[in-house]
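Reader: Please go through the terms used for this chain and say what each one rests on.

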Amino acid sequence: MKQELKAYARSLGLAAVGVSSAEPFWRERQLLLSRQQSGFSPPLSEDEIERRCTPERSLPGARSILAAALSYFTDRGGGEELQLARPPEGVRGGRIARYARGRDYHAELRERLEHLASFLREVFPGARYAIQVDTGPLLDRAVAVRAGLGWYGKNGLVIVPGEGSWVALGEIVTDAPLEPDAPVQDSCGNCRRCLEACPTGALEAPYTVDTKRCVARLSQTRGYIPQEFRVAMGNRLFGCDACQEVCPHNCPREDPDVDLAWVIELGRTPFREAFGESAAAWRGRATMQRNALVALANVTCAEVPFPGRPPVEAEQLLASGLQDDRPVIRGHAAWALGRTGGWNARIALRARLAAEGDPGVQGEIRQAVRKLAREEEGTLGEELGGGTG
Ligand code: SF4
């Protein structure tokens, strides 16, 4: 019966399916507690931890869990690719994490799990079930590993043999009695590529992610991005695939950049039209545009080795951010102008400071102005042949 279920799952386009028992996840419970104590993950209530680690809380009487993985490559069943504007030839744009480049995987995977659950009820008439995709209480990765879908990579993601970690995970908790699958052998070996590739050092040790430093999280957190991480975010608009791109178990694939000018200037309706079907839309337009300003400053500085002379177009885009009605946009535009520099940036920042009423934005502008003044002094000193002697 299990083989029939698996064959049907494959016909639905699922990359892998396995079965786990519905026993509580005791080891993961300990890990959650110790990660909280060391400050690596946000605090959870005791009840929340129990709900995450106890399948019985998702479905009273649960006996088995069918775990599933869906590839988020759009040409392998992961839904339709978004139509996003590309930058002009030769111009660096922004990056969107692969899972968010297609239709929202929650919807794609849930639809398939609904079909699989209907099939399950044909095999086990009267079986009860509960479907979860990411937003449910259970720990998707723990379920997937116990169901033999893959192993925990050192970056904390589940690596499915033949698919790598480019997969979305979900599960069906059921009271149908299914025979559990055996776990898969860990094949990371001595590799440490993902730890070395993390732009902020969030992967402090194997299997240990400091979520406060993780760029994928930072790019989705509303409000101000801590300044210490803004340069390290590079040109990421949403999410971060750095630790996955280097993994030898993942197929290497370069996605096209997204035009940063287009993102910065997107109105509400065009934003919904462009991103509304994707997971990238869930944090809203302001978060994406905030990231685009940071990315524009970073790529401008990377391409032009003279921070005092940014390309005119980038400068104008950043300066226009200072006039935005959202403080978070004005604040990050100020930082971005401070990063790229130039006379016009100084003039725009000083003019805005005189009119700015938001204390957070005022602080960002003052810091940017001070940074540029220090750089100007340094340049002047060099031109005059000055030195410390
Ligand atoms: Fe494991 Fe290396 Fe992949 Fe990291 S990059 S998950 S260590 S195989």
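Author: What follows takes the terms one at a time, with the values behind them.

Author: This is a predicted model, in which local features need pLDDT of at least 70 and side-chain atom pairs count only at pLDDT 80 or more, while totals for chains, interfaces and linings use all residues. Residues are numbered from 1 along each chain as its sequence is written, and side-chain values use heavy atoms, with hydrogens and water left out.

Reader: Why is tyrosine 207 called partly exposed?
Author: Buried means under 20% relative accessible area, exposed over 50%, and partly exposed in between (1.4 Å probe, protein chains only). Tyrosine 207 has a relative accessible area of 32%, so it is partly exposed. Lysine 371, at 26%, is partly exposed as well. Over the chain, buried residues make up 53% of the 389 residues.

Reader: What is to be noted about the phi of tyrosine 207?
Author: Most residues other than glycine have a negative phi. Tyrosine 207 is not a glycine, yet its phi is positive, about 70°. The residue lies in the loop between β8 (203-205) and β9 (208-209). A positive phi of about 95° is also found just after α1, at glycine 13.

Reader: How do you know that the buried residues of helix α1 are on the same side?
Author: In α1 (residues 2-11), the buried residues are Lys2, Leu5, Lys6 and Ala9. They cover an arc of only 95° around the axis, so they lie on the same side of α1. The arc is that of the directions from the helix axis to the C-beta atoms. On the other side of α1, Gln3 and Ser11 are exposed. The cover over the buried residues includes β1 (16-21), β2 (64-71) and α5 (105-123).

Reader: What is the handedness of the crossing of α15 and α16, and what defines it?
Author: A crossing is left-handed if the near helix is turned anticlockwise from the far one by less than a right angle, and right-handed if clockwise. The crossing of α15 and α16 is left-handed. The axes of α15 (residues 327-340) and α16 (residues 343-355) come within 9 Å and cross at roughly 150°. Such axes are lines fitted to C-alpha atoms, for helices over the stretch in contact, and the angles run from 0 to 180 degrees between N-to-C directions.

Reader: How does the crossing of α2 with α3 read?
Author: α2 passes α3 in a right-handed crossing. The axes of α2 (residues 26-37) and α3 (residues 46-53) come within 9 Å and cross at roughly 145°. The contact involves Glu28, Arg29, Leu32, Leu33 and Gln36 of α2, with Ile49, Glu50, Arg52 and Cys53 of α3.

Reader: What counts as a contact, and which residues does lysine 371 touch?
Author: Contact means heavy atoms within 4.5 Å. Leaving aside neighbours within four places in sequence, lysine 371 is in contact with Gly338 and Arg339. Lysine 371 lies in helix α17 (residues 359-383). Its C-alpha atom is separated by 8.4 Å from that of arginine 339, 32 residues apart along the chain.

Note on methods:
Helices (H or I, at least four residues) and strands (E, at least two) are DSSP runs, numbered from the N terminus.
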